[in-house]
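The sequence and the coordinates are shown first.

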Amino acid sequence: MREELVHNLRAVYARLWVRIKGGNREPEWIVAELVIPLLTLSAYVYLYKMLNAPAEFAGFVVIGGTMIAFWVNVLWNMSAQFYWEKETGNLEIYFVTPVSRMAILLGMALGGIVNTTLRAVVILGAGTFLFQAPLIVNEPLTALLMFMLTIIALYALGMLFASLFMLYGREAWHTANLLQEPVYFFSGSYFPLSSQIVPYAVQLLSSLIPLTFGLDGIRRVIIQGQGIREIWLDVVALSVFIIILLPLARFALNYMENLGKKEGRLTLRWQ
Amino acid sequence: MRTFKAPNKPVKALDHVSISIEEGEIFGLLGPNGAGKTTLIKILSTLLLPTSGEAYVGGFNVVKEPNKVRKIISLVSGGETPGYGILSAKENLWFFSQLYGLSSSAAKEEIKRLITDLDFEEYANTRMSKLSTGYKQRLNFARGLLSNPKILFLDEPTLGLDVLTSKKLRGYIVDWAKREKKGTVLLTTHYMGEADEMCDRVAIIDRGRILACDSPLMLKEKLKENVIMRVEVSSVQADFDFIDKMEGIAGYSATRSIQSDTTMLKVMVSNEATFLDIISKLEKQKLKILSTSKAEPTLEDVYISLVGRGFEESAEAPANA
Amino acid sequence: MNTILRTVKQAIWLGWKVETNWADPLIFAIYYLIRPLSGLLIVGFVFLIGSAFGAGFSPEYFAYMFIGNSFFIYVVQIMMTMSMLIHDDRAHYEVLKHIYLSPGSWTWYILGRALNGVMNASISLLLTLGFGVLIFQHALGIQIPINWVGINFPPLLLSLTLGIVCFIAIGFILCGINIMTSKVQFMLTDYVSGILYLFGGVIFVPQVLPSWGQTISNALPITYFLRIIRLAVLNMESSSVEADLFYLFITMIATIILGVVVFKIAEYKARRDGLIDKKEEY
């Protein structure tokens, strides 16, 4: 039991190490992951400026743009990852080794979190500085709690998607593409979902996305200076997501692996 | 048994395959493309479920005890080089060592030894994406041997490699299996020479069925009752179907060379008189006979005698095999 | 001439097939509607909410944003098609060298693929406009001051033509870069469309930008492209139309020259360094 745990922890560390090493070896990628989000969020900040919206909206957009970096990472470096591993011939090796698949996914998730957090801090800093976004850090521990819960929920969702996408070919890639802008919209990445202008149906659908609660909670803490008492609903919602998604991801992984082995699609490439 | 669903009709990739491999044996599975070799290896390495039947590796059931199987096996496939291009050869090996639970210090030692044995120290710190095909495959072999597996599955391991690299890797595996680690090897290949050189026993497989299984020597011995003749003719377009209709023919293969515009026919006949008949029929087709010779039986001849045709004439693999 | 036309036609056909071949047609349809529509909805709601907290709703500014964001689809689609083309055909499908060696030159093939991108963008534009109007005007009751039957087509078509030629020329620059290096191929679309989106007066007037930003804006073809399209769609008179057309024409010429130069350099380098069938590093 202990030996198995140590074995799986080694696998987690190894996969995390690969993600961190690989993700930081190409300066082009680092620059792109910093500059491109800044371009997009700048456009929305200037739109709010043109409309003479209050300065808080700049902070709103900066936080949204920062957290989107995590969602993009979840989509492309988690959800689509097993698909990429299959294309490059690594998936076969993973499935032949005596290591837990969840350990591999966990390593990928942790590596992604480390890399993206580094980028996110730079984007947040640059955005705040460029647009003089008024951010308040009265409750740093609450902010950190919200951030951690959001990340865990997002990456748990990423693990679930990774299992589902494992067997699919280009559909996986198209589906990952499809989950970009719609999620930005429904999670209120650039506008407050609580506004009366947003139809109830949109708000309802938004509550199915962990990012919605994460963004709401982090913004309330950092822009409006609210504390844990005010954001308890966001904390509970994210906790529920985590409790549901993690076991679901494990179940989906086992199910999809068996399905793949039955149908012979586990190592079928270039579908 | 393993059946794949297909739009028109199901494809039987493996049909009542039953083999048993002894511990310490190098066992070859020889057959043309689409015979079912890779399908069998995927079942035994727990990547694929059989449609029916049972398989045991190292005493463990591949369906019910896959994790126990995975602890004692390793898989090296030819034509593929798993790993991360952005990492160096050494870094890739370290990563894979952790998937097998090796401590970093043990992994370091093992990696150093394998890199030396497989002769790619010069490229140990080179990014995998920059390695040539030959060195990538050496890396692939090193990865497969890192965990000191009891059973090594080699799926067309020298596919696409040059002659020297292939020879080196084959020699290494035989050494590893016989002298060093006393491991068991299941090798799939469509290179006759490879099976002949490396294997203690060979099973010939075609269209999902095992046609024969014995040592290479014994398989060839069984052909001694036939005479194997080679004849080279001056055309790639000639029709040789008439040979099938003749009596006294155990089988034949035709290897066409567009470059030299010649065809090398290899026929297995019951006596030399039948061969003279063939020569006369070829001359009637106005074909120039460039050379004739008697040949020693090879594993391909064994295949031809079982199937009636050579590897080149064999049908294409089903899509999922 | 026949070879050129045949190459272009085959490339358009191939582009269409590749975009729909492996994916479910439903996913294809969603891909060309949902992503751009979501983008429009995001900007639309930012606008509505920003207006509510700010200076109040302005239908003219809403129309400005609505038209700009919708027609920006041409930029995104053409850039994406052309920047991924080299990766797809060289590393994924491994057909690039065969296309290069075929009698119809690869320039016409790339042009054909770009025209397929234009086709896809046009489909996407019509769908997005249609659903955009349905959602904002009919579902949310937002007044969009566009008289769809009163559009001034001549300047619209002229601007579309010149603008699309511009974007295709920029696409050739991206192709050229991707031929020479595979390190930035997955980011180029985002870089180019990000810069054009920010500085091109797509969703906000360039006057909001700092002065250096406005200078950049005045040098970009998209600024004039969208300005003329807005005037045409809103059927507004303006003394600056001729000037805008002129600047669009000038920037188009400049991008064509740059595109040809970069692509030719890339082709030379590709032959010199063996890049036409270079395997990519993963």
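## Basis of the description

The model is predicted: local features need pLDDT of at least 70, side-chain atom pairs count only at pLDDT 80 or more, and totals for chains, interfaces and linings use all residues. Residues are numbered from 1 along each chain as its sequence is written, while chains are lettered from A and ligands numbered from 1 in the order in which they are written.

## Chain C

Chain C contains twelve helices and zero strands; helices (H or I, at least four residues) and strands (E, at least two) are DSSP runs, numbered from the N terminus. Its C-alpha atoms fill a box of roughly 60 × 40 × 40 Å along the principal axes.

Of the 282 residues in chain C, 45% are buried. A residue is buried if 20 or more other C-beta atoms lie within 10 Å of its own, exposed if 12 or fewer, and partly exposed in between, with C-beta atoms placed from the backbone. Among the contacts in chain C with a separation of 6 or more, 80% involve residues 24 or more positions apart; two residues are in contact if their C-beta atoms, placed from the backbone, lie within 7 Å.

## The contact between chains C and A

In this interface, 38 residues of chain C are in contact with 38 residues of chain A. On the chain C side, helix H2 (25-31), helix H3 (34-53) and helix H9 (188-199) each supply at least two residues. H3(C) provides the largest share, 15 residues. By class, this side of chain C has 28 nonpolar, six polar and four charged residues. Here Ala, Val, Leu, Ile, Met, Phe, Trp, Tyr, Cys and Pro count as nonpolar, Asp, Glu, Lys and Arg as charged, and the others, Gly among them, as polar.

## Gln226 of chain A

Gln226(A) belongs to the loop between helix H11 (210-222) and helix H12 (232-263) of chain A. Gln226(A) is partly exposed because 17 other C-beta atoms lie within 10 Å. Apart from neighbours within four places in sequence, Gln226(A) is in contact with Arg220(A), Val221(A) and Ile231(A).

## Chain B

Chain B has eleven helices and 14 strands, and 46% of its 321 residues are buried. In helix H1 (residues 37-44) of chain B, eight of the eight residues are buried. Just after H1(B), Thr46(B) takes a positive phi of about 70 degrees. The assignment for chain B gives domain 1 (2-220) and domain 2 (225-296), with bounds that come from an automatic or database domain assignment. The C-alpha centres of these two domains of chain B lie 37 Å apart.

Four strands of chain B form an open antiparallel sheet in the order S12-S13-S11-S14, where two strands pair if DSSP finds at least two bridges between them. Strand S12 (249-257) and strand S14 (289-294) of chain B are the edge strands, each pairing on one side only. Strand S11 (residues 227-233) and strand S13 (residues 262-269) of chain B pair in the antiparallel sense over seven bridges, and Arg230(B) has Lys266(B) in S13(B) as its bridge partner.
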